[in-house]
Amino acid sequence: MLDIKFIRENKEMVQEGAKKKRVEIDIEKLIALDDQRLVELKEIEDLRSEVNKVSNDIARDQDPNLKIQLIEEMRTVKEDLKNKEEKLKTTIEEWQKIMLEIPNMPSADTPVGPDESGNVVIRNWGEKPTFDFTPKEHYEIGEKLGIIDNKTAAEVSGARFTYLKGDLVLLQFALINFLFEIFTNKETLEKIAKEKNINIDPKPFVPVIPPFMVKSNIYLRMGRLDPKEDKYHLAEDDMYLIGSAEHSVGPMHMGQILEEKDMPIRYIGYSPAFRREAGSYGKDTKGILRMHQFEKMEMETFCLPENSLQEQEFLVAIIEYYLQLLKLPYQVVLVCTGDMGKPDYRQIDIETWMPGQNVYRETNTSDLVTSFQSRRLNTKVRRSTGKTELVHMNDATASAMGRTLIAIIENYQQADGSVMIPEVLRKFMGGREFIK
RNA sequence: GGAGGCGUGGCUGAGUGGUUGAAGGCAACAGUCUUGAAAACUGUCAUUGGGGAAACUCAAUCGUGAGUUCGAAUCUCACCGCCUCCGCCA
């Protein structure tokens, strides 16, 4: 949610920003409603003030006749007050509905575009591997090696589920161990920041395994409930299965005032992610690219407003660092206004090369959401001056396991159908070199 | 799931219908004293919204929401959370 004051002071900019994000909003109506809200609020506060004052008089006054008279008077005032409060309530409901529709404003460097065609590649790394055979897609290799079984999963659970088996499971755990080593190591993070010339405290990430379900009102405060069709809802308990660890790690500090000296706060959550994938029927139906359930490591960080852009650069730098260690070619994409998420101020995607498909596919996404989530979560920071302000939040995929595994399988595939294990992961797999 | 208890400011802890946004203590901050520190003493110490150039002022907030009342931290109801005991269980 944006600040109503900010909206009032920058209404052209907000209208324009929403338009760029392809969200239709009626700013004039919102401001008219806000005027009405303030007028009604003032009337109510004046009435309350009168009631408070007279009530104190009643308490102090000794004359019983006067008391009775004043109480009678207050009864009628209260009637009036009640009506006005009712009216204000409906005004606020209408007001809030529009407020919730307004997206975060895009950063100045965000390219303007209608959809993913407007995204801009800002850099790339790595040589695409060459093969002296036709490279296969991950599921062909996986099925043959007996490490991916969608067929059985379809019978048991339906489409978009899978059984990962054998060495692929071990590879996933190797990846997890490899990544946790990076994210919790201060020296490594310091080196990354230094290399990329990012001036930021390289404080390590705190690993978290968060709840996999959240209450619906919490989802709303995170600004992540929409699109609802993509969430699994547990009707009896009015809870949702999380679509990302972000959804239950982000609210960890709601209603809190953090201290400036504790900033930044960095978490790396590990959880399954549940997605109904509504609206993607027929898309990416093969293999494990688009599943109803997959495991993910997700970064979620809280920082001072003036550092949040650097923080995002840092999160992206860490992703690039480990992709380079895995020797996976990738490109970094600045996501355009029409393709970015509603809470995003600036979104950077990392797309990793998938030789089987002969295309870069999104493996990581990094969202700088500024104070869009913290405003409703009410997560603040007390500055050393004593003033409090909303913290800025960043979230980013550390690794969507399935997709990183696909990239490994396809880039490391051999002519004989085996898959070479990336060197940095071997120590977590008993020193072995191949999955056969 | 059954029975009972409890939710007050950064922490602790008073407060059961009337100027109580809330005593006392701790912590924190500023000052006096001191060569410096500690101790002692003095003072300042919640958040949000409205009005105002400012001093200041009005409203709201004692888990959340609704209700009773002229007036609610205090009474009623619902919800949320925590604790204890019993049951069940990975």
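Where is E277 found? I looked this up first, in a model that is predicted. E277 is found in the loop between strand 9 and strand 10, the latter being residues 293–303.

I read the phi of E277 as near 55 degrees, a positive value in a residue other than glycine. I noted for comparison that most residues other than glycine have a negative phi. I then counted neighbours: E277 has 16 C-beta neighbours inside 10 Å, so E277 counts as partly exposed. The cut-offs I needed here are 20 or more for buried and 12 or fewer for exposed.

N378 also went on my list. The phi of N378 is near 60 degrees, again a positive value in a residue other than glycine. I placed N378 in the loop between helix 12 (372–377) and strand 14. N378 counts as partly exposed because it has 13 C-beta neighbours inside 10 Å.

I checked one peptide bond as well. The bond from M263 to P264 is cis, and its omega is near -10 degrees. I recalled that most peptide bonds are trans. P264 sits in the loop between strand 8 and strand 9 (265–274).

Strand 8 pairs with strand 14 (residues 380–382) in the parallel sense, over 3 bridges. I found E259 opposite R382 in strand 14.

**Entry: two helices**

I turned to helix 3 (residues 27–60) and helix 4 (residues 64–101). They pack at an angle of about 160 degrees, and their axes are 9 Å apart. Angles over 145 degrees count as roughly antiparallel, and helix 3 and helix 4 are therefore roughly antiparallel to each other. I recorded their crossing as left-handed. By class, the contact of helix 3 with helix 4 has 17 nonpolar, 2 polar and 15 charged residues.

**Entry: the RNA**

How many residues surround RNA strand B? I get 18, and the closest are S49, N52, S55, A59 and M74. Helix 3 and helix 4 each supply at least two residues of the surface near RNA strand B. Helix 3 gives the most to this surface, with 13 residues. Sorted by class, the surface near RNA strand B has 7 nonpolar, 5 polar and 6 charged residues.

Key
Residues numbered from 1 in each chain as written. Chains lettered and ligands numbered in written order. Predicted model: local features only at pLDDT ≥ 70, side-chain atom pairs only at ≥ 80, totals over all residues. Axes fitted to C-alpha atoms, helices over the stretch in contact; angles between N-to-C directions. Helix = DSSP H or I, 4+ residues; strand = E, 2+ residues; numbered from the N terminus. Parallel < 35°, antiparallel > 145°, perpendicular 65-115°, else oblique. Left-handed = near helix turned anticlockwise from the far one by under 90°. Nonpolar A, V, L, I, M, F, W, Y, C, P; charged D, E, K, R; others polar. Pairing = 2+ DSSP bridges. Near = placed C-beta within 6 Å.
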